Amino acid sequence: MSLSHRAGYVVGVLITLLALSHDCQADPSEKYKVSKTFREAAVAGLSVCRTWAFSDRGDRALQIFPGVYDERVFQALDFVISKARRHGIGLILSFVNNHKDFGGRPQYVEWARNAGVNNVNGEDDFYTNPTVKKYYKTMLSKVITRINSIDRIAYKDDPTIMAWELMNEPRCQVDYSGRMVNGWVQEMASFVKALDKKHLLEIGMEGFYGDSMPKKKVNNPTGYNQVGTDFITNNLIKEIDFTTIHAYPDIWLSGQNDSAQMAFMKRWMHSHSIDSNKILKKPLVLAEFGKSNNDSGHSLGERDQYLRKVYESMNKFERTGGEIGGSLVWLLMAEGMDSYGDGYGIILSQHASTRGVISVQSHKMTTLSRMLLRGKHGIKVGFLKA
């Protein structure tokens with residue numbers, strides 16, 4: 001077996017499609033929403049969608065209890081993957097949430113506590129408790145080895161899936177050094193790669209610097225030096241194929257003006273692009289960014305201008321020794337998904353100006369990817385071939 005690569009830059013979005021697809025399972029007439037969302041994304045030139053392969057709480061739970069799954073929701077995920085394939089869009093699938101939304105780490109710990117497991121005291125026991133880790137590994141195995149009910153392709157063999165994500169935005173409050181999270185990442189990354197050597201793997205990190213290189217903490221937003229992760233050390237793990245950052249200066253620097261927030265955004269991207277290239281020697285993806293329309297005085301024009309400036313900055317980094325292999329806007333939504341919105345939602349069919357900004361960047365990156373195929377390397381999306 002050998003690794004065959006397609007070189008190219010990723011331009012994409014995050015979509016919370018699993019819940020929407022579950023609605024479609026209950027009412028097949030709603031399935032067009034998933035198809036329409038992927039079709040609009042493809043027309044805009046988007047190449048990758050990051051979405052959840054988890055739901056551990058509520059009436060749309062994929063995992064009802066540890067090791068117990070709702071087949072209807074799994075079939076909804078099957079449907080998402082099949083539609084992504086039809087429209088030529090690759091997927092990054094995340095296994096669990098750090099936050100309580102859709103269950104996340106808190107739900108796993110609650111399951112263990114309710115089962116009478118000893119020494120389960122808080123959410124950070126997710127990273128160390130043997131029973132909780134067993135719950136998570138069981139779920140990993142279930143998802144990775146799942147046979148799609150529509151096309152009968154195992155997820156681990158499906159080229160539509162570009163990468164797996166261990167957790168959306170891991171954090172830890174009992175060990176600020178990042179060592180606890182690091183041990184968990186090493187264990188789970190090795191477990192995933194033992195099951196599936198065909199797909200890329202990333203952690204799902206926001207990008208906060210930690211104790212391994214203290215001087216780099218100056219790049220963190222104020223108040224985010226103790227979140228329990230370490231961008232450098234965590235991503236040095238050899239099973240991790242590419243690095244990620246998230247960026248929300250409108251939240252992290254909420255008291256500062258747009259100019260200050262944009263200046264931070266440029267520094268945040270630049271420092272991580274340099275470190276990914278020079279230290280980690282792995283591609284970097286800006287896996288979440290956007291601008292909330294909940295901010296006072298917000299307008300769609302301001303959001304468009306923000307996205308445009310972010311894209312322009314990314315495109316300049318290559319000349320200064322850094323490189324960002326891709327970007328994914330938070331949050332693409334289908335019509336009728338307003339209840340899932342958090343202020344960052346983009347509906348391509350309704351927000352024509354934003355669609356135009358994203359589409360221009362997509363086509364620029366397509367052109368650059370073609371140049372890369374002629375000799376210069378970017379992020380490599382690869383799958384094993386016999």
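Which residues does Pro66 touch, not counting residues up to four places away in sequence? In this predicted model, local features need pLDDT of at least 70 and side-chain atom pairs count only at pLDDT 80 or more, while totals for chains, interfaces and linings use all residues. Residues are numbered from 1 along each chain as its sequence is written, and side-chain values use heavy atoms, with hydrogens and water left out.

Pro66 touches Trp111 and Tyr135, contact being defined as heavy atoms within 4.5 Å. Pro66 lies in the loop between strand 4 and strand 5 (68-69); helices (H or I, at least four residues) and strands (E, at least two) are DSSP runs, numbered from the N terminus. With a relative accessible area of 27%, Pro66 is partly exposed (buried means under 20% relative accessible area, exposed over 50%, partly exposed in between; 1.4 Å probe, protein chains only). The C-alpha atoms of Pro66 and Ala112 are separated by 9.0 Å, at 46 residues apart along the chain.

Trp111 and Ala112 are among the buried residues of helix 4. Of the 11 residues in this helix, 8 are buried, and the elements covering them include strand 4 (63-65) and helix 5. Gly116, with a positive phi near 80°, follows helix 4.

Helix 4 (residues 104-114) packs against helix 5 (residues 130-144) at an angle of about 125°, the axes being 9 Å apart. Axes are lines fitted to C-alpha atoms, for helices over the stretch in contact, and angles run from 0 to 180 degrees between N-to-C directions. The two helices are therefore oblique to each other (angles under 35 degrees count as roughly parallel, over 145 as roughly antiparallel, 65 to 115 as roughly perpendicular and the rest as oblique). Tyr108, Trp111 and Ala112 of helix 4 meet Val132, Tyr135, Tyr136 and Met139 of helix 5 in this contact.

Tyr136 also belongs to the largest nonpolar core, of 94 residues, where Phe126, Tyr136, Trp164, Leu166, Leu286 and Phe289 touch the most other members. A nonpolar core is a set of buried Ala, Val, Leu, Ile, Met, Phe, Trp, Tyr and Cys residues joined through side-chain atoms within 4.5 Å. Another core, of 10 residues, lies apart from it and includes Val10, Val48, Ala163 and Leu200.

The protein chain as a whole comprises 11 helices and 12 strands. Of its 386 residues, 57% are buried.
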